[in-house]
Amino acid sequence: MANVVVIGAQWGDEGKGKITDLLSHSADVVVRYQGGVNAGHTIVVQGNTLKLHLIPSGILYPDTECIIGSGAVIDPKLLIQELEQVEKLSISTKNLFISETAHVTMPYHRLFDKAAEERRGNYKIGTTGRGIGPTYADKSERIGIRILDLMDSESLHEHLEWTINYKNDILKKLHNLSPLDPQVVIQEYIGYAEYLKPYVVDTSLRIYNAIRQKQNILFEGAQGTLLDLDHGTYPYVTSSNPIAGGACIGTGLGPTAIDRVIGVAKAYTTRVGEGPFPTELEGYLGDFLCSRGAEFGTTTGRKRRCGWFDAVIGRYAVRINGMDCLAITKLDVLDNVDEIKICIAYEIDGERCHDFPKSNRKLVRCRPIYETIRGWKQSTSNCRKLEELPRQALDYLKLLADVMEVPIAIVSLGANRDQTIIIEDPMHGPKRALL
């Protein structure tokens, strides 16, 4: 039995969807513990591309139970669209369960999100405009709507009539936007409730019982470590806690329930939206990585900024999450690069720095200190064993493991399931990796 957290080791978009999908075949339960439709996992199965935003990747396995925990925020309209998309591919959703205490994204959340971002001007933070931040803000302000409120029409009327009138005052006076009709919104969301009602349960209890039955549980977050609300590059972060500790808060479990943490990192680094990015590449190389790696956001389609692998943020992610192994993705993107660089430290105001600075004012002044190796200049996409990799590619992986100070368990060489070298299965293998 193993309870494993899959976590992004960079700024998100590391390929967690594929790694979660791979590990799900060994999992009895897959749990999404935070975030909303501002995140997305792209999975390629038998030539079909499936983009999931809320539903856990384990939905592709008919015997795997999938849970959306209380730490996630749910846009019912988009979740229903996602359920219909999955069912069109003849994938059953009977094993999907939604936490009754997860919070609900409402129409006013989306309006506030977009309006606030516009008002920020040069100080915008690059939100997706999906209403995630305002949903979490209402949760903290204790005026949010939970799934259990959605299931009770009387409670929904009671909560929303006051809340929408309150929000309308802000929409009109601060943002000069048209008010919402409370009754129209209430009737719309009652309709969503009828559709989602069969999926709603006490997920914390369900997960606890699965642990008691010694089932394998895989916890997946959205975004990545550097987008964590408390430990990321604030304010250019998400509104929840995607780090490994968030798995406990977002599911209602104690930390002793977690056995392992696997971090997912690209063989280079990407970032979406605003904020400092020390290893960012501009010009030909940055465009090359973006094009070859298909670096466009699953949720928004935004072009991702690309740069060399940053081991400073990598070591920080290892420490913050307590990672004990890594999955390296998109190694094949570097197949045709002449020289490959790894940022092993920063120079800040003339001083060498090995630890990640928390101040964005410092981070923007960071100059990467690189170690350079020769590229392997041949395809790796058909490699299925470590010994099949070119020597320079193997050297690169060993260097990543050394500078990250954590071993590598999985290497991904393309979008398809079979384009993977599994050195160790974190769900079943010994608590060590071989690279």
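A: Here is a walk around strand β5 and the sheet it belongs to. Keep in mind that the model is predicted.

Let's start with the strand itself. β5 covers residues 65-68. Glu65 and Ile67 point one way from β5, while Cys66 and Ile68 point the other way. Whichever way they point, all four are buried.

Now look to either side. In general, the strands of a sheet pair through backbone hydrogen bonds, in a parallel or an antiparallel sense. One partner of β5 is β2, made of residues 29-32, and the two pair in the parallel sense over 4 bridges. If you find Arg32, you can follow its bridge to Ile68 in β5. Another partner is β7, residues 96-99, which pairs with β5 in the parallel sense over 3 bridges. Here Ile68 turns up again, with Ile98 in β7 as its bridge partner.

Next, step back to the whole sheet. It is an open sheet of 10 strands, in the order β9-β7-β5-β2-β10-β1-β11-β15-β19-β20, and its pairing is mixed. The edges are β9 (200-201) and β20 (420-422); each has a single partner strand, so one side of each has no neighbour in the sheet.

Further along that order you can pick out another parallel pair: β1 (residues 3-8) and β11 (residues 260-266) are joined over 5 bridges. To spot this pairing, look for Val5, whose bridge partner in β11 is Val261.

Terms used
Residues are numbered from 1 along each chain as its sequence is written. This is a predicted model: local features need pLDDT of at least 70, side-chain atom pairs count only at pLDDT 80 or more; totals for chains, interfaces and linings use all residues. Side-chain values use heavy atoms; hydrogens and water are left out. Buried means under 20% relative accessible area, exposed over 50%, partly exposed in between (1.4 Å probe, protein chains only). Two strands pair if DSSP finds at least two bridges between them.
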